[in-house]
Amino acid sequence: FFSSRRRHTRYISVTGVQTCALPISHIKISIDSQSTTHTLDMLEQQKIDLGLVAEPRTSRGLVFLPVMDIEDIFAASPSYLENFRLREGDQADVFQSGNVMLLDRTNITRHYMDEYMALNQIEANNLLEVTTMDLLIEFVRIGLGVGSVIKEFIKDDLETGKLVQLKLDVPIHKRTVGFAYYPNRTSKALETFIDFCRSRKS
């Protein structure tokens with residue numbers, strides 16, 4: 001009865017399910033990996049009971065139970081940045097002259113980043129759109145360009161120096177990821193799961 005964002009399935013949903021691990025038998029949990037947009041649609045269509053999503057701007061009548069905060073950043077490999085400076089010069093704007101990779105326009109993260117870039121007058125002249133965060137991160141790792149990624153997903157790469165976080169004049173505000181569900185469509189199993197999650201977070 002559970003759907004999550006693709007990359008969330010590997011990282012955040014593990015954190016969330018570990019936090020809410022039920023010491024109760026006879027409850028079946030099926031996990032389906034989808035985008036936030038698709039997950040919200042599936043909730044509305046009653047195809048799932050619970051979704052792990054980025055906090056929606058409008059509630060849609062949903063109850064949202066926060067799990068953790070995430071931070072959007074721009075990152076690149078050191079080799080890409082070094083080659084870029086050799087090719088374009090130290091004063092060149094990596095967003096205007098480099099390759100910038102973003103998720104496709106159906107993704108809520110893309111909407112969030114588009115708004116940030118427009119507000120801060122950041123223009124990407126060479127744009128590559130990618131369908132999933134996993135693929136985008138792999139492209140950043142192999143040096144295809146600068147990517148809009150979630151910091152928590154590349155923590156090890158940043159700590160080891162395999163990837164570098166770009167400094168921005170205006171930091172990108174963190175977002176919250178959590179469980180969403182319709183309170184008037186709960187089952188006994190879902191109520192048990194939610195109650196236990198709330199008790200673990202209190």
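Which helices each supply at least two residues of the lining of the largest pocket? Helix H4 (78-88) and helix H5 (94-97) do. The legends below refer to a predicted model.

**View 1. Lining of the largest pocket.** The volume of the largest pocket is about 440 Å³. Its lining consists of 20 residues, and those nearest the pocket centre are Asp93, Val94, Phe95, Leu166 and Lys167. Sorted by class, the lining of the largest pocket holds 10 nonpolar, five polar and five charged residues.

**View 2. Lining of the second largest pocket.** A volume of about 270 Å³ is found for the second largest pocket. Of the 13 residues that line the second largest pocket, Glu55, Pro56, Arg57, Ile108 and Tyr112 lie nearest its centre. H6 and strand S10 (175-181) each supply at least two lining residues, and H6 gives the most, with four. The lining of the second largest pocket divides into five nonpolar, three polar and five charged residues.

**View 3. Salt bridge between glutamate 115 and arginine 57.** The N to O distance between the two side chains is 2.5 Å. The pair links distant parts of the chain, 58 residues apart: glutamate 115 belongs to helix H6 (residues 108-119), and arginine 57 to the loop between strand S3 (50-54) and strand S4 (63-70). Glutamate 115 is partly exposed at a relative accessible area of 41%, while arginine 57 is exposed at 64%.

**View 4. Salt bridge between aspartate 157 and arginine 141.** Here the N to O distance is 2.9 Å. Arginine 141 is partly exposed, at 33%.

**View 5. Further salt bridges in the model.** The count of salt bridges comes to nine. Arginine 87 and glutamate 88 form a salt bridge with an N to O distance of 3.3 Å. Glutamate 88 is partly exposed, with 37% relative accessibility.

**View 6. Buried residues of helix H7.** Met133, Leu136, Ile137 and Val140 are the buried residues of H7. They cover an arc of only 100° around the axis, which means that they lie on the same side of H7. An α-helix has 3.6 residues a turn, so residues three or four places apart point the same way. Just after H7, glycine 143 has a positive phi of about 85°.

Technical notes
Residues numbered from 1 in each chain as written. Predicted model: local features only at pLDDT ≥ 70, side-chain atom pairs only at ≥ 80, totals over all residues. Heavy atoms only, no water. Salt bridge = Lys/Arg side-chain N within 4 Å of Asp/Glu carboxyl O. Buried < 20%, exposed > 50% of the residue type's maximum accessible area, 1.4 Å probe, protein only. Arc of directions from axis to C-beta. 1 Å grid on protein atoms, 1.4 Å probe; cavity = no way out; pocket = protein on both sides within 12 Å on 5 of 7 lines; lining within 4 Å. Points joined across faces, edges and corners; volume = space filled by probe spheres on them. Nonpolar A, V, L, I, M, F, W, Y, C, P; charged D, E, K, R; others polar.
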